[in-house]
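The following note is meant for a colleague who is opening this structure for the first time.

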Amino acid sequence: MRVISPTKVINKVAQTEVSRRQFIKVSALSGVGFSIGFGLSGAAHAEAQSASEMGHFVKIAKDNSITVVIKHLDKGQGVTTGLTAIVAEEIDADWSQMRWEFAPSDPNRYNNLFWGPYQGTGGSTSIANSWMQLRQAGAAAKHMLISAAAKTWGVAESDVSAQKGMLTASGKSATYGEMAEIAALIAPPQEPKLKKPEEFTLIGTSLPRIDSKEKSTGKAQYTIDVRLPGMLVAAIARPEKFGATLKSVNSEKAKAVAGVQAVVETPRGVAVLAKNHWAARQGKAALVTQWDDSKAENRSSAELWADFKTLAEKQGAIARNDGDMGGALAAASETLEMEFEFPYLSHATMEPMNCVVDLQKDACHIYTGSQIPGIDQYVASQVTGVPVEKVFIHTQFAGGSFGRRAVPDSDFVMDAVVIAKAINGSAPVCLQWSREDDVKGGRYRPMAYHKFKAAIDANGEITGWHQRLVSQSILRGTPFEGLITGPLDFALVEGGANLPYRIPNFKFDGHEAQVGVPVLWWRSVGHSHNAYATEVFFDEVAHKAGKDPGKLRQELLKEHPRHLAVLNKVLEASDWGKSLPEGIGLGVAVHESFASFVAQVAQIKVNADKTFKVEKVWCAVDCGVAVTPDVVVAQMEGGIGYGLSAILGEAITLDNGKVQQNNFYDYTPLRINQMPDIEVFIIPSAEAPTGVGEPGTPPIGPAVANAIRSVTGKPITKLPIGQRV
């Protein structure tokens, strides 16, 4: 199985806009043809009862509603609005006409164009990979509608105009819905004419989010809302140490709990099935289990840090080596060394992992928010023996993900399917994780140790930069391992090895540490810790060289206009260089991730008792064409809040191999009163859209740390920062 990782391919997004001819080729390869059909899928959110399909992405109903088939998971990032807007623009619809529905799992029709043959959501690729595909789909459907009207009315196609869902010509008019059935019989154009950017009327405007009403009224259905007749709820008891296995279980007390229906073993624990979640949890608590820890990870966090530091004493695998770093250090007037420690982090989704499975005689229906439905589909087929084409994924809204719902081994989906198989499909099964399950037994951002050296010459110029990293590989040992083409997992080095600053001698090397803690991509993946380490170290080097950190960044980014543009914007907006009252500080950071460029300036206030508050953040983003600016702003705000959560109070720590945290009282996401005032600036651009889901997160940590450093004079090299500085 070969899958293209979002973290790898997204770096090519800005340069790889899919051309019209490529789209036609891809469409042909993936079976995207234009055909007529009636009736909406079971997941339809459209209100219409019948519709004509114009390709696999556009359906037009007789009531003139237009439904866009969304091939990506919506986990809060707003793809139902953004992707719908792209079609609405090219088909010339009125926004009030637009509807959407999730696509079924079908990589032949709905593959992520950056991931080859796989359908999936991640790496901030949703808008970027769909941009030309959906423009083509909308433009083709519009052409078919115009052709249908021209033939019906006996006029030339050039005489027919299409606007806001209406077709008009020679005093005649019809809605798109009235012409849809005829249009669906017309062959689509090979090269549908696209609008010029200056003709856009919807893209780039503040469209109301299309899912706001159902989310704000509770009508939006998440997996936790799924109810099937006779459904049982499952809770799983797992070992406290990663890698431990079940030695024995006594389930007599669990079976005695009112409502408990069955107890079954799974590859990762013991599941209790009950009529409701409370009974399942009570039954789980009543289990008496013994675990075999002989092959488990038994180290504490302190022991892991010691092992990481020992590894860092040796040269690692080389990811980048420009010039002569050794010569730069030997010739330097000043040198600087620093170390950074980043803990494991939980994804901390608001909706913990869950999955509903209805295993039938000849089919398996799965209800969940899946980022890579094809893998879940394949795993379910392997477990149940049901053919892949008979495994149906019913995509639900996801209450956050940040990478957690894209798991190479489909952990929580597999568990649910195993349980359903164990009871022979006698009832639908809802596997619901608790918050504690998620915090103590999830998949984590790897802990990371960074070690830096810099060389500065007599003129205050940075002549050498060396970064050494020790962390766990996310891809090694998974089906994605084949994507690693260099000596190091690229998820470790991204955002560090490609540092854009003009420094003549540069070296990056690292080690992949071997730890038995399961790790996974976490919002912005390797960029999250590499951006913090590099941007905080940069400030220290600037201070050592006697230069203003903001101005030094401007000087060393002259060859990178998109970096420079976002940097200049936030420096200007924050009035960088102004005199500040005592206790107030500004810090800046700039970073490229997922082909988008983001700079942030944070303003903090340090109180007399050393507590502090992040008061204000100025954020500038260049993400190419901003399809829906309000969504872009929301994603920057969300990314900043998520990043602040991590740097201020989040850490997963181990004691004798056991996770010490439990829930949001001791693993503390940002509280609402900690959220700063945020001002977002979108840099105008004609470049193809890139991602916004992840790039807002990396710069906020170093911007805040640099702001604190401007007040205290002390860099922050170990996270989380905590309540005081």
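**Note on the predicted model**

1. The model is a predicted one, and the description below should be read accordingly.

2. Strand β17 (residues 364–368) pairs with β18 in the parallel sense, over 5 bridges. Within this pairing, Thr368 has Thr395 of β18 as its bridge partner. Together, β17, helix α12 (residues 373–384) and β18 form a β-α-β unit that is right-handed.

3. The two faces of β18. In a regular strand, side chains alternate between the two faces of the sheet. Strand β18 (residues 391–395) has a covered face made up of Val391, Ile393 and Thr395. Its uncovered face carries Phe392 and His394.

4. The five-stranded sheet. A further open sheet, of 5 strands, has the order β13-β23-β22-β21-β14, again with mixed pairing. Strands β13 (317–322) and β14 (334–342) each have a single partner strand, so one side of each is left without a neighbour in the sheet. Neighbouring strands here are turned by 10° against each other on average, direction ignored.

5. Pairing and packing in that sheet. Strand β14 pairs with strand β21 (residues 448–456) in the antiparallel sense, over 9 bridges. Glu334 has Ile456 in β21 as its bridge partner. Helix α10 (residues 301–311) packs on this sheet, where it touches β14, β21, β22 (462–471) and β23 (505–512). The direction of α10 makes about 40° with that of β21.

6. A helix pair. The axes of helix α3 (residues 79–91) and helix α5 (residues 126–153) come within 7 Å and cross at roughly 35°. This crossing of α3 and α5 is right-handed. On the α3 side, the residues that meet α5 include Val79, Leu83, Ile86 and Ile91. On the α5 side, Ile127, Trp131, Leu134 and Leu145 are among those in contact with α3.

7. Tyr110. Is this residue of helix α4, Tyr110, buried or exposed? Tyr110 lies in helix α4 (residues 107–110) and is buried, because its relative accessible area is 3%, where buried means under 20%. Neighbours within four places in sequence aside, Tyr110 is in contact with His56, Phe57, Val69, Lys71, Ala103, Pro104 and Gln119. Val598, 488 residues away in sequence, lies 30 Å from Tyr110, C-alpha to C-alpha.

8. Confidence. The protein chain has a mean pLDDT of 92, and 93% of its residues reach 70 or more. Residues 1–49 call for separate attention, as pLDDT stays under 50 over this stretch. For these residues the model has 119 contacts beyond four places in sequence.

Note on methods: Residues are numbered from 1 along each chain as its sequence is written. This is a predicted model: local features need pLDDT of at least 70, side-chain atom pairs count only at pLDDT 80 or more; totals for chains, interfaces and linings use all residues. Side-chain values use heavy atoms; hydrogens and water are left out. Buried means under 20% relative accessible area, exposed over 50%, partly exposed in between (1.4 Å probe, protein chains only). Helices (H or I, at least four residues) and strands (E, at least two) are DSSP runs, numbered from the N terminus. Two strands pair if DSSP finds at least two bridges between them. A crossover is right-handed if, with the strands pointing away from the viewer, the path from the first strand over the helix to the second runs clockwise. pLDDT is the predictor's confidence in each residue, from 0 to 100. Contact means heavy atoms within 4.5 Å. Axes are lines fitted to C-alpha atoms, for helices over the stretch in contact, and angles run from 0 to 180 degrees between N-to-C directions. A crossing is left-handed if the near helix is turned anticlockwise from the far one by less than a right angle, and right-handed if clockwise.
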